[in-house]
Amino acid sequence: VFQYAIGMTLDKIPDELLETVYNYIKCNQSIAKTSDLMFTHRNTINYRINKFINMTNINVRELNNSMFVYFVISLINVRKWCLWEPQILFMKKLKER
């Protein structure tokens, strides 16, 4: 139930914040590496992470929380991909005709 509630909460977070948090965790919680990866200013990365923490009350600066959030965001991305993939395949088939 807790995981479902977190997943529903993260669904309401803007994609820009989710992408930032995901990359932040992927870059070993390094603001500098994240800003380089995303071509975004360090202050912007800090702002987005703080906004995510305020919106969810989940501190992604702590390892346990960050690993959990990384996993949930990965699941959300897989679910989005699974929803769009059949449509993409259908569009490709239409173009081939």
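Q: At 10% relative accessibility, does Asn23 count as buried or exposed?
A: The model is predicted, and its local features need pLDDT of at least 70, side-chain atom pairs count only at pLDDT 80 or more, and totals for chains, interfaces and linings use all residues. Residues are numbered from 1 along each chain as its sequence is written, and side-chain values use heavy atoms, with hydrogens and water left out. Relative accessible area, taken with a 1.4 Å probe and protein chains only, is called buried under 20%, exposed over 50% and partly exposed in between. Because its relative accessibility is 10%, Asn23 counts as buried.

Q: Which residues is Asn23 in contact with, leaving aside its neighbours within four places in sequence?
A: Asn23 is found in helix α2, where helices (H or I, at least four residues) and strands (E, at least two) are DSSP runs numbered from the N terminus. Contact here means heavy atoms within 4.5 Å. With neighbours within four places in sequence set aside, the partners of Asn23 are Thr34, Leu37 and Met38.

Q: How many helices are there in the protein?
A: Read along the sequence, the elements follow the pattern α-α-α-α-α. The protein has 0 strands, and its number of helices is 5.

Q: What share of the contacts in the protein with a separation of 6 or more comes from residues 24 or more positions apart?
A: Of the 97 residues in the protein, 33% are buried. Among contacts with a separation of 6 or more, the share that joins residues 24 or more positions apart is 56%.

Q: How many nonpolar, polar and charged residues does the contact of α2 with α4 have?
A: From α2 the contact takes Glu16, Leu17, Leu18, Thr20, Val21 and Tyr24, while α4 gives Ile45, Arg48, Ile49, Lys51, Phe52 and Met55. Ala, Val, Leu, Ile, Met, Phe, Trp, Tyr, Cys and Pro count as nonpolar, Asp, Glu, Lys and Arg as charged, and the others, Gly among them, as polar. By these classes, the contact of α2 with α4 has 8 nonpolar, 1 polar and 3 charged residues.

Q: Which residues of α3 and α4 make the contact between these helices?
A: α3 and α4 pack with their axes 9 Å apart at an angle of about 105°, which makes α3 roughly perpendicular to α4. The contact is made on the α3 side by Ile31, Ala32, Thr34, Ser35 and Met38, and on the α4 side by Arg42, Ile45, Asn46, Arg48 and Ile49.

Q: Which residues does Met38 touch, not counting those up to four places away in sequence?
A: Met38 has its place in helix α3 (residues 31–38), and its relative accessible area of 15% means that Met38 is buried. The C-alpha atoms of Met38 and Glu19 are separated by 9.3 Å, although these residues stand 19 residues apart along the chain. Not counting residues up to four places away in sequence, Met38 touches Glu19, Thr20, Asn23, Ile45 and Arg48.

Q: How many residues apart in sequence are the parts that the pair of Tyr22 and Tyr70 ties together?
A: Rings of Phe, Tyr and Trp (its six-membered ring) pair if their centres lie within 6.5 Å, and planes under 30 degrees apart count as stacked, over 60 as edge-to-face and the rest as tilted. Tyr22 and Tyr70 form a stacked aromatic pair, with 4.6 Å centre to centre and 5° between the planes. Tyr22 lies in helix α2 and Tyr70 in helix α5 (residues 63–96), so the separation in sequence of the parts tied together is 48 residues.

Q: What is the relative accessible area of Phe39?
A: Phe39 lies in the loop between α3 and α4, and its phi is near 55°, a positive value in a residue other than glycine. Phe39 is exposed, with a relative accessible area of 78%.

Methods: Axes are lines fitted to C-alpha atoms, for helices over the stretch in contact, and angles run from 0 to 180 degrees between N-to-C directions. Angles under 35 degrees count as roughly parallel, over 145 as roughly antiparallel, 65 to 115 as roughly perpendicular and the rest as oblique.
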